[in-house]
Amino acid sequence: MINDSYNMILLIAVAWPLLLAFPALHSRIPWPLHIALIPTLVLIVFPGTVSLPLPKLLLGTELAINGEVKWILLMCIAVWLTAATVIHSSRDNSTNNHRTYFLLALTGNLGAILSTELIGFFSFSTLMSYSFYGLLMHGSDKQIKNSRHLYIVFLVLADVALLEALLLTASTTKNLDYQTVRQTMAETSSAQLYFWLVIVGFSLKAGIWPAHQWLAGSFKSTHRSTTVLLGGVPVAIGLLGALRWLPIGEHSFYATGIVVIVAGIVAILYAARKFFISTSLMMLPAWFAVFLTGLFIIMLGTGSIYPDIWNRNEHLMHPFIAVLGISLAAITFTLSRRQGKEPDTDSQRANIFILWAENGFDFIQQWTEDRRLILKSFWNVEEKYQGFMDRAKPAVFMSRWSTAITIFVFLGLVLAWLAA
Amino acid sequence: MNWNAWIPLIVVVSSALPGLIIFNLAENRIRLRTTLNLIGALVKLLLVGWMLWGVYNEQIFETRLPLLPNLDLVLRAGPWALFFVTLSTVLWLVTTVYAIGYLEDSPHRSRFFGFFSLCVSATVGVALSGNLITFLLFYELLTLSTYPLVVHRGTEAARRAGQAYLNYTIFGGALLLLGTVWLYTLTGTLEFTATGFLQNLDEEHHPALIAIFVLLVSGLGVKAALVPLHGWLPQAMVAPAPVSALLHAVAVVKAGVFGIVRVVYDVYGVDFADDLGVTDPLAWLAATTIIYGSLRALFQDDLKRRLAFSTVSQASYITLGVALASPIATIGGVVHLLHQGLMKITLFFCAGNLAETLGIHKVSEMNGVGRRMPWTMAAFTIGAFGMIGLPPVAGFVSKWYLGLGALESGEGWVIFVLAGSSLLNAAYFLPILHRAWFLESTHPWPKERKFGNRETALSLLLPPIITALMALAAGVFATGSFSPLEWAQLIARREFHQP
């Protein structure tokens, strides 16, 4: 009886925010965005692994929760609660439409996390992605259109690629649960095609280099509540999709793995470079996200080449995605709070190209001096400590510090994973 | 008395009779006309429900009346026929409600609703036809009853569109008649059968059978809007919105596509047609139409014209599914007959609402309209997402089965056609949604709200919402009992003799 009720909570967790998405409902309820997450909270608190088959829904689907899924759900709750609180506390005119997009995206996000087969994941993530477009549009800088246009173009291309991958899979096996798909697709003649369709599809959705432009632009130009969600929603679900769909751990895909690793390394180098020359504070989490997704791609590539290593360490991937989502949300939240207090942040850091344009080759000296000051301020613990103590610059300190700590933690995780 | 032998005829008459009475009503008899319309639609719906239940339980519903020597007028309710009849009947009821609101202050309403009812009778007759001669009769009746609807406004543009419509459809009808007569002289029968009736003909007749196939498909291709016979459809969008909805989603285009399906499955037989080598060119023609229609839609600023070219593209999915000659592709094609109807009628209703309420006719005028007419644009969004093939709307289910069917039959190139079409559909539907929901209005809407707090009249608002929800439900509960997909699977099993 208790188990049946618990099963039903799986359905309620997805259906409740969907129901609340109706403007007639959420406009009459206090704190609707927070209330929408209550069943999910209950789901996390309850112990055990349960599943709920829904054969009459979406060509037959199933929702389930286990230990790995709880990691992602935990991240999901943290990120969405933060965004809901930002919306609630800001004086910003959060319209009914905005709340509807928010709740629809939440529904899609939860459904994608809880679904146990490909069609369910695809359907829910599609709902999430298109609703997220509404969030990206909310309160965004009307002058910066490119990132939003790129988002929707990439989204359509990704959906087409993933639909092709789905069709390939369904023509091979009737059972579309993740484990069966992995085993089956690794052995088919179309395994390489399937692999690339999935990689390309989810790279576009998650903003992985070289399809990162929409992500970078969105960090800079959208509303604070949405930037908090960027890491934990489209990026995290894109990575989760790649993790669940790719036939890694069954056979070695040597050539594919090498290409993927090279792409990951380039992504990391590119992101690192961008991170240090960026003139905008709000772009830092964007390059950090590109950096982390590059790391993720390297891990996928390594797993593609060495199935044994992957099978031993696969359990770390869900926590990786969860920490990625939470840390990106934390950094973005902190930086955006700081930016709210000090709007002219661009002037604090000078872009190398701007300096060159203004000063010719004398820029080298000026740029070097600027970097030295930045590094000094970045690592000068005494100054940070003093700043923190006298509360003169706590936001500056916290933003840099959280960035550094997160990078450190992730590097530690990756090293541990590689060493294992 | 065997009622089952009369029900198909009563279903046809249930809309024709009110139509004939309505013709003779004075313009001011609004209440009587509305009552007759709705009673006819509801009676038809009940009878179709009865037949659905009966056919599901393998009962036979067949009306046979002598027409010519050795040729009977046959109305038979099989799974295929009922699928189309159900679509027509349900959507007729919804469209009638919509048309009552849409034409509230228009002249010539008795004439309009009279032909409207006759048009649905002809469509149901086309669907229930048990042989090619019965099909031909109702097919031509459909042409005659829709022409007055196309020219209903009486403007110069409407007359030109009507002229084009007549030219195309009479030409198509002549080809169809020629093919039918030739076929009859060759075989001595025109009776639709589950496996076709041509496989036993000698091989020497095969060239003639190919020529007849070309004649029949060309004749039907006019109404099905296959390229290059599609020219009438974008012109006919000058008709009032309920007529456009009827042409694109319920009656004319569907009758043409349904005819092609009948010819492939019940005249030639899908296996024989495949052996004869006529299905591959048909598949290529359908694929060309899919891409061509989408490309043309991309460049239309007139909303209804964009939707019209979208129909040119989307209707050919059905033909493509049939031409692939595999059980799964058949499911995709068949189910798209109904899914496309639900989605396209939603889009046309919404286009009508925008035109009637705010005077919006062009895509470029739609900035910010989502905030002024949220329910209409929510319905439009569901319809557009379905057309793109996004889950969980019904269009995804169609594309899913078409894609699987293409892989099953070894026609991998179809996947690229489906992908290309999806991209093009997204390219011409998403900008509309972007404008409507996210851009600021470029000019002020009329401040006067004639309908209280509602965005438009209830009779205009409810039909698109209902059809949008039906399109959504057909996708979300695709595997549910009595869903369109389940019915399409039943049809495919019977056509391919599977258990």
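In the predicted model, Ala325(B) sits in the loop that links α13 and α14 of chain B. Its phi is positive, about 55 degrees, although Ala325(B) is not a glycine. With a relative accessible area of 17%, Ala325(B) is buried, because the cut-off for burial is under 20%. A second case of this kind occurs in chain A. Trp31(A) is not a glycine, yet has a positive phi of about 50 degrees. The loop in question runs between α2 (23–26) and α3 (32–35) of chain A. Trp31(A) has 43% relative accessibility and therefore counts as partly exposed.

Helix α13(B) pairs with α12(B): the two axes come within 8 Å and cross at roughly 160 degrees. The helices are therefore roughly antiparallel to each other. The crossing of α12(B) past α13(B) is left-handed. On the α12(B) side, the contact is made by Thr279(B), Leu282(B), Ala283(B), Ala286(B), Thr289(B), Ile290(B), Gly293(B), Ser294(B), Arg296(B), Ala297(B) and Leu298(B). On the α13(B) side, the contributors include Arg305(B), Arg306(B), Phe309(B), Val312(B), Ser316(B), Tyr317(B), Leu320(B) and Ala323(B). By class, this contact has 11 nonpolar, 8 polar and 3 charged residues.

Helix α14(B) packs with α10 (residues 252–268) of chain B. Their axes are 11 Å apart, at an angle of about 165 degrees. This pair is therefore also roughly antiparallel. Here too, α10(B) passes α14(B) in a left-handed crossing. Lys254(B), Val257(B) and Tyr265(B) of α10(B) make the contact with Thr330(B), Leu337(B), Gln340(B) and Gly341(B) of α14(B). These residues divide into 3 nonpolar, 3 polar and 1 charged.

Helix α12 (residues 279–298) of chain B has a further partner in α18(B). The two pack at an angle of about 15 degrees, with axes 9 Å apart. That angle makes α12(B) roughly parallel to α18(B). The crossing is left-handed. From α12(B), the contact uses Ala283(B), Trp284(B), Ala287(B), Ile290(B), Ile291(B), Ser294(B), Leu295(B), Ala297(B) and Leu298(B). From α18(B), it uses Trp413(B), Val417(B), Gly420(B), Ser421(B), Leu424(B), Asn425(B), Ala427(B) and Tyr428(B). The classes are 13 nonpolar, 4 polar and no charged residues. An α-helix has 3.6 residues a turn, so residues three or four places apart point the same way. Ala283(B), Ala287(B) and Ile290(B) are among the α12(B) residues in this contact.

Ala427(B), one of the α18(B) residues in that contact, belongs to the helix spanning residues 413–438. Its relative accessibility is 36%, so Ala427(B) counts as partly exposed. In sequence, Ala427(B) lies 39 residues from Ile388(B); in space, the C-alpha atoms are 9.2 Å apart.

Ile388(B) is one of the buried residues of α16(B). This helix covers residues 374–388 of chain B. At 1.5 Å a residue, its 15 residues should span 21 Å, and the end C-alpha atoms are 21 Å apart, so the two values agree. Thr376(B), Met377(B), Ala379(B), Phe380(B), Thr381(B), Gly383(B), Ala384(B), Gly386(B) and Met387(B) are also buried. The cover over the buried residues of α16(B) includes α13 (303–323), α14 (327–358), α15 (369–372), α17 (394–408), α18 and α19 (458–476) of chain B. After α16(B) comes Gly389(B), with a positive phi near 100 degrees.

In chain B, Val227(B) and Pro228(B) are joined by a cis peptide bond with omega about 10 degrees. Pro228(B) is placed in the loop between α7 (206–224) and α8 (232–235) of chain B. In chain A, the bond from Trp209(A) to Pro210(A) is cis, with omega near 5 degrees. The loop holding Pro210(A) lies between α10 (191–206) and α11 (213–221) of chain A.

Chain A as a whole contains 20 helices and 2 strands. Of its 420 residues, 58% are buried. Among contacts in chain A between residues at least 6 apart in sequence, 77% join residues at least 24 apart.

Definitions and conventions:
Residues are numbered from 1 along each chain as its sequence is written. Chains are lettered from A and ligands numbered from 1 in the order in which they are written. This is a predicted model: local features need pLDDT of at least 70, side-chain atom pairs count only at pLDDT 80 or more; totals for chains, interfaces and linings use all residues. Side-chain values use heavy atoms; hydrogens and water are left out. Helices (H or I, at least four residues) and strands (E, at least two) are DSSP runs, numbered from the N terminus. Buried means under 20% relative accessible area, exposed over 50%, partly exposed in between (1.4 Å probe, protein chains only). Axes are lines fitted to C-alpha atoms, for helices over the stretch in contact, and angles run from 0 to 180 degrees between N-to-C directions. Angles under 35 degrees count as roughly parallel, over 145 as roughly antiparallel, 65 to 115 as roughly perpendicular and the rest as oblique. A crossing is left-handed if the near helix is turned anticlockwise from the far one by less than a right angle, and right-handed if clockwise. Contact means heavy atoms within 4.5 Å. Ala, Val, Leu, Ile, Met, Phe, Trp, Tyr, Cys and Pro count as nonpolar, Asp, Glu, Lys and Arg as charged, and the others, Gly among them, as polar. The expected span of a helix is 1.5 Å times one less than its number of residues.
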